[in-house]
Amino acid sequence: MRKKCIVTVLAMIFSLFVLTAGGVAGELDAFKGQRGTLKISGGTAHIPVMKEAAQRIMSAYPDIQISIAAGGSGVGIKQVGEGLVNIGNTGRKPTDDEIARYQLKLHQWALDGVGVVVSPKNRVKALTKAQVMDIFTGRINNWKGVGGENRKINLYTRDEASGTREVFWEKALDKQPISPSANVVVSNGAMKSAIAQDPYGIGYVSVGHIDRTVAPVALDGVIPTIKTVKEGKYKIVRGLYSNTKGEPTGLTRAFINYLYTPEGRKITEKEGFIPFP
Amino acid sequence: MKRTGEKLTIWYSWTCGLILSAAVFSILAYLVFKGAGTLNMKLIFGDASPLRAVFLQQRVFEGLFPAIVGTFILVALSIAFALPIGFATGIYLAEYADFRVKNAFNLIFDILAGIPSIVVGLFGFALAVFLHKHYSSSIQPCLLISSLALAFLVLPYIIRTTQIALEGLSPDTRLTALALGATKLQNLFYVLIPQSLSGMVSGLILAIGRCAEDTAVIMLTGVVVAAGVPKSALAPYEALPFYIYYISSQYTSPEELMNGYGAALILLLLCLFLFTLAFVIKKRLTYLAFYRP
Amino acid sequence: MSDWKERGAEKIFLLSTIISSSITLLILGFMAFMALPLLRGGLFYLLTEPWAPQQGLYGIYPMILGTAVISLLSLLFAFPLSLGCSFLISSIGPKSLSAAFRRMVQMMTGIPTVIYGFVGIFLLVPVIRELFQSGSGMCIFTASLMLGVLIAPTMILFFCDSFDRVPRSYIDAADSLGANRAQTLLYVIIPLARKGIFIGVLLAFGRAMGDTLVSLMIAGNSIATPGSLLDSVRTLTAHIALVIAADYESPEFRSIFACGLVLYLFIAVVILAVRRLAFRESGKRA
């Protein structure tokens, strides 16, 4: 009787191993026998996830080569539309015009937010939407106008190809023009390092990118974190899309599917986003 | 009054010298101070074993190796494109062209030398897009296009140094072989070129240095954030100067920033090494040419 | 038979020359071709309007101003510095020190531009920010400082070259009259090398205008027309690097070719001016 118990338990443990091992291998199995190059470009928020996924795939299957470029959502759409890359990442939903023009197929694999950030040294930690609009349009240009020190506010914004900027402009600024004297940085990472180094700077960045080096600013009482985005409390949300021209095939298809597997979703979570659906 | 003017000049020159030295010294010291600590195998090869990575048996992630290889291949390809054409052009201008033609071409090449590197990069990009649309859709910004664009960038260097080296030879040297019955071509290959080799080689090495350090051209013509060691010339690739630029504006952790310092130090040492090499070769070749033992 | 080889070789060399020179013209052609729709829409507006793509304004005026101000300011920083250093190297300094200093300056020309930008971001920008207690530190002033250090070595070497070209006879004459080093420098060498100095300044100006990385990394890249030295600004070169991402058919994309065209034409003018001056100088000598 005891022997049977032990055997059963061992069998269960063994099958657990087999099943999970099979599960893990199964996720990367889709790449078995694939070779060639996969080119990805576009949104800068996606890059950490892309890099991690690429690293795992390339480690397991050295015949596959994946290259990742940045550039912003605008570049992603352009390049995938022109056939220069296989996957174009965007941090905003492509417009109907773009979809029609380039025959794009959208694949959303994460939910993210866009949050206002300041340097951790700044004592301003919360702003109302009206204040945010005034600051970014240039109407308020000194920190003392919102309860901070008597220093000029240094605005940071993104370049025109940025999906992050598009979302922020639409949803947080209600499409009001951003002050032209704002410093322009070229990616989420660049925004983070600029704000981290400037005690009097303010900018906006993907919520998934927020870490200890920058301080999130509460908007109308809601702090932009992954939790509040998930719960729907924080309103400035956007999806992370990987777009292809037409239906994806082969290596491209395998990569996109990988993002939806449990392992892919774990990577998405690890980098600070909410896996979607 | 004049005395004070002179004293002032002396004092002024020394101050300027001091200021410049201080500026250079602080830049170098800052880099060495911040980056020296990160110079180890891990910086270059990440978690992969160095030996296996060099033989391309193991992929290197989070290391500088792909960028270093990318820069290396880029430079080799660019020089392969630029050297024959630049060389031949320099020879033509020095030996065959008459005065007015030479003047016209010199003007054109001076302009080429003065064009900002980003405009050359823009040209390379436009060329790639043009070819992509009208010839073959497999042509896109890649290693090949980048090296072509870089070749355009350094072509004037090679042309100019070849031309100056050849023109700098004394008339005696030029005429001796001809007087003995050699043809122009024989004179060129057996006498003139060996004599001006030092100038040409140092020009070549300066061109190599220029290719290695340039960022604007490659930014527009195919360098990417992560691509591993390039497997073909039509593939995207990584390069050291771009890595430094990318890290400086978008580092995601203090460790990455430290890597950036290390990369900057490596690039700096590489360029200084090339520069010293050019100088040494120039000296040695001049020595050999004149004091053939 | 060897005549055929001779002529063949000459033809090959000529062909290479034609290929090389056609590249220069091709670049101009591509820039003009791609910018054409924008140019046709109104050259005047292109050059004088601000950049606001969302309002349909594609003028490159702020960028032209940015380039002009940063280049001129960096020249303002670098020129006195270079002049003083070249004095030191060619006349005032003792022989061994001058040689060592010249070596150092030659080494400086080998330092990659991206290094200057890199060090500028982390070393210079915070200093300027704290010093002036306003702005983000990424502004015209900082970029010009760094750019000045970048172009100084080339200017110094060029000046030294011009000083060295002054005929030995003049210097000997001054020596025989009992002039010391400073006097020889001030009253003999500089007046004779005036043209050379001017040419050096022009060339450095061209170099400063064409630099991309320093202004991309340090000047802030805002699209506003600058109002003060501590304002963030965008240069023509940085604009090209930033907007390369846009849609190929859009006016935004074409504007970067307009920038390229402006840069190209301006450099051509500088080169022509330099040649004119150089010819007149050598003409006088002969």
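This is a predicted model: local features need pLDDT of at least 70, side-chain atom pairs count only at pLDDT 80 or more; totals for chains, interfaces and linings use all residues.
Let me begin with residues 216-237 of chain B, a span whose end C-alpha atoms lie 15 Å apart and which is 23% helix and 0% strand, where helices (H or I, at least four residues) and strands (E, at least two) are DSSP runs numbered from the N terminus. Compare that with residues 257-281 of chain B, which are 100% helix and 0% strand, with end C-alpha atoms 36 Å apart.

Residues are numbered from 1 along each chain as its sequence is written, and chains are lettered from A, and ligands numbered from 1, in the order in which they are written.

Staying with chain B, how many helices and strands does it have? There are 13 helices and zero strands in chain B, and its C-alpha trace spans about 70 × 65 × 40 Å along the principal axes. The unreviewed UniProt entry also lists residues 68-278 of chain B as "domain: ABC transmembrane type-1", and over those residues the chain is 79% helix and 0% strand, with the end C-alpha atoms 21 Å apart. Of the 293 residues of chain B, 52% count as buried, and a residue is called buried if 20 or more other C-beta atoms lie within 10 Å of its own, exposed if 12 or fewer, and partly exposed in between, with the C-beta atoms placed from the backbone. Two residues are in contact if their C-beta atoms, again placed from the backbone, lie within 7 Å, and among the contacts in chain B between residues at least 6 apart in sequence, 74% join residues at least 24 apart.

The C-alpha atoms of chain C fill a box of roughly 75 × 70 × 30 Å, taken along the principal axes, and buried residues make up 52% of its 286 residues.

Now to the place where these two chains touch: 66 residues of chain B are in contact with 64 residues of chain C. The largest share of the chain B side, 17 residues, comes from helix α1 (residues 2-35) of chain B. That side divides into 49 nonpolar, 13 polar and four charged residues, where Ala, Val, Leu, Ile, Met, Phe, Trp, Tyr, Cys and Pro count as nonpolar, Asp, Glu, Lys and Arg as charged, and the others, Gly among them, as polar.

Chain B also touches chain A, with 22 residues of chain A in contact with 16 residues of chain B. On the chain A side, β1 (36-42), α2 (47-60), β2 (64-71) and α7 (188-197) each supply at least two residues, and the largest share, six residues, comes from α2(A). The residues on that side are 11 nonpolar, nine polar and two charged.

Three of those elements also belong together in another way, since β1(A), α2(A) and β2(A) make a right-handed β-α-β unit; right-handed says that, with the strands pointing away from the viewer, the path from the first strand over the helix to the second runs clockwise. Strands pair if DSSP finds at least two bridges between them, and six bridges join β1(A) to β2(A), which run parallel, with Leu38(A) having Ile66(A) as its bridge partner in β2(A). β1(A) also pairs in the parallel sense with strand β3 (residues 87-90) of chain A, over three bridges, and there Ile40(A) has Ile87(A) as its bridge partner. Is β1(A) mostly covered or mostly uncovered? β1(A) is mostly covered, with five of its seven residues buried.

Finally, chain A is divided into domain 1 (35-112 + 239-275) and domain 2 (113-237), with bounds that come from an automatic or database domain assignment. The C-alpha centres of these two domains lie 26 Å apart, and their contact takes 18 residues from domain 1 and 20 residues from domain 2 of chain A.

Technical notes: UniProt positions are given in the numbering used here, feature names are shortened, and annotations may be inferred rather than shown by experiment.
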